[in-house]
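User: I am new to this structure. Please show it to me, and then let me ask about its parts.

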Amino acid sequence: MSSYGQFCAVARALEVLGGRWTLLVVREVLCGSRRFNDIRRGIPRISRTVLSERLQVLTAAGAIRRVGAEYELTEAGKELASLVHASAIWGQRWLPRNARTEDLDLEPVLIDMQRRVRDAALPKEPLVLRIALVKHKPRFLLLSAGQAALCTHNPGFPEPIALSGPLYALVAWWRGDASFAQAQRMGLALAGPKKLLREFPNWFERYAFSEVAPASKAAAA
C-alpha cells in the first residue's frame, strides 16, 4: 500500500483505515461477527479476496487478532468504536436519505434486525417471522427468548406473521426515516393476528442511530 508520505497522524491512520470496506469490517466485528463468513454476510458486496486482505491489514496494524477460526478486536481495535460511531452520526445527520432511490441490499438490514431483538417484548412461545419482500427470496427470522436466528427456511416453528412489500419501505422504518405507520403507507405490509401486528414494532430496538435526525430537521427543531 502506497504511503501518503506525511508525518500527520490523520494521514498515517488513513493509510490503514482509509481503504474501501475497512471500517465496515471493523463495524461487523464490533457488532459481534467473529468468523470470516459471518463478517462477509454483513458486507455482502465485498469479495472473499478483499475481505481477507482487509483483515490482514487490520491484523498487521494491531487492531484485530485471530484466535483459531475467529477474529477479535484488540485494545487498539476497540478504540475504533468511537470512529465508527462518529461516522454513523455524521452519515445519518448530513447525508441525504431516500431509501426509494438507494441501491440497497437486504441481508445487512435483516442481520441488524436479528441483532437488535428485544427479548423481553417477544411472545412467550417461539415463532417465525416470514420476510418476503419484493424481488427477494423469502427469509425467516426465528424469534424466541434468548435466541434470534436468520434462516433461509423455516426451522420448524409456527409462522403466524409475515412481512412483505418493498425493501425501501423496510429500510425507511428501520433506519428512522419513517415511522412504522409511514412505512406501511410506502407499501410495507404485515399480516397476522391483530395482537401480534400491534406488538411487532416493539419487538426490535431499531437501528442504533435511528434517533439521529437529518440536519434539516435538527436545524428546524
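User: Which residues of H7 meet which residues of H8?

Analyst: This is a predicted model, so local features need pLDDT of at least 70 and side-chain atom pairs pLDDT 80 or more, while totals for chains, interfaces and linings use all residues. Residues are numbered from 1 along each chain as its sequence is written, and side-chain values use heavy atoms, without hydrogens and water. Contact means heavy atoms within 4.5 Å, and helices (H or I, at least four residues) and strands (E, at least two) are DSSP runs numbered from the N terminus. Val109, Leu110, Asp112 and Met113 in H7 meet Leu167, Leu170, Val171, Trp173 and Trp174 in H8.

User: How many nonpolar, polar and charged residues does the contact of H7 with H8 have?

Analyst: Ala, Val, Leu, Ile, Met, Phe, Trp, Tyr, Cys and Pro count as nonpolar, Asp, Glu, Lys and Arg as charged, and the others, Gly among them, as polar. By these classes, the contact of H7 with H8 has 8 nonpolar, no polar and 1 charged residues.

User: How are H7 and H8 oriented to each other?

Analyst: Axes are lines fitted to C-alpha atoms, for helices over the stretch in contact, and angles run from 0 to 180 degrees between N-to-C directions. H7 (residues 107–115) and H8 (residues 167–175) pack at about 40°, with axes 11 Å apart. Angles under 35 degrees count as roughly parallel, over 145 as roughly antiparallel, 65 to 115 as roughly perpendicular and the rest as oblique. H7 and H8 are therefore oblique.

User: What is the strand order of the open sheet of 5 strands?

Analyst: Two strands pair if DSSP finds at least two bridges between them. S5 (147–151) and S7 (189–191) each have a single partner strand, so they stand at the edges. The pairing is mixed, and the order is S5-S4-S3-S6-S7.

User: Which residue in S4 stands opposite leucine 129?

Analyst: S3 (residues 127–133) and S4 (residues 139–144) pair in the antiparallel sense over 5 bridges. H7 lies across S3, S4 and S5. Opposite leucine 129 in this pairing stands leucine 141.

User: Which residue takes a positive phi in the hairpin of S1 and S2?

Analyst: S1 (residues 64–67) and S2 (residues 70–73) run antiparallel, joined by 4 bridges. Isoleucine 64 stands opposite leucine 73. The hairpin has 2 residues between the strands, and the positive phi, near 65°, belongs to glycine 68.

User: Is glutamate 28 buried or exposed?

Analyst: Glutamate 28 is in helix H2 (residues 22–30). Beyond its neighbours within four places in sequence, glutamate 28 is in contact with Ser33, Asp38, Ile39, Gly42, Ile43 and Arg115. Buried means under 20% relative accessible area, exposed over 50%, partly exposed in between (1.4 Å probe, protein chains only). At 2%, glutamate 28 is buried.

User: How are H2 and H4 oriented to each other?

Analyst: Thr22, Val25 and Val26 in H2 meet Leu51, Arg54, Leu55 and Leu58 in H4. The axes of H2 and H4 (residues 48–60) are 10 Å apart, at an angle of about 80°. H2 and H4 are therefore roughly perpendicular.

User: What separates the C-alpha atoms of phenylalanine 209 and alanine 88?

Analyst: Phenylalanine 209 is in the loop between H10 (194–199) and H11 (215–220). Phenylalanine 209 counts as buried, at 14% relative accessibility. Leaving out residues up to four places away in sequence, phenylalanine 209 touches His85, Ala88, Ile89, Gln92 and Arg175. Phenylalanine 209 and alanine 88 are 121 residues apart along the chain, and their C-alpha atoms are separated by 7.1 Å.
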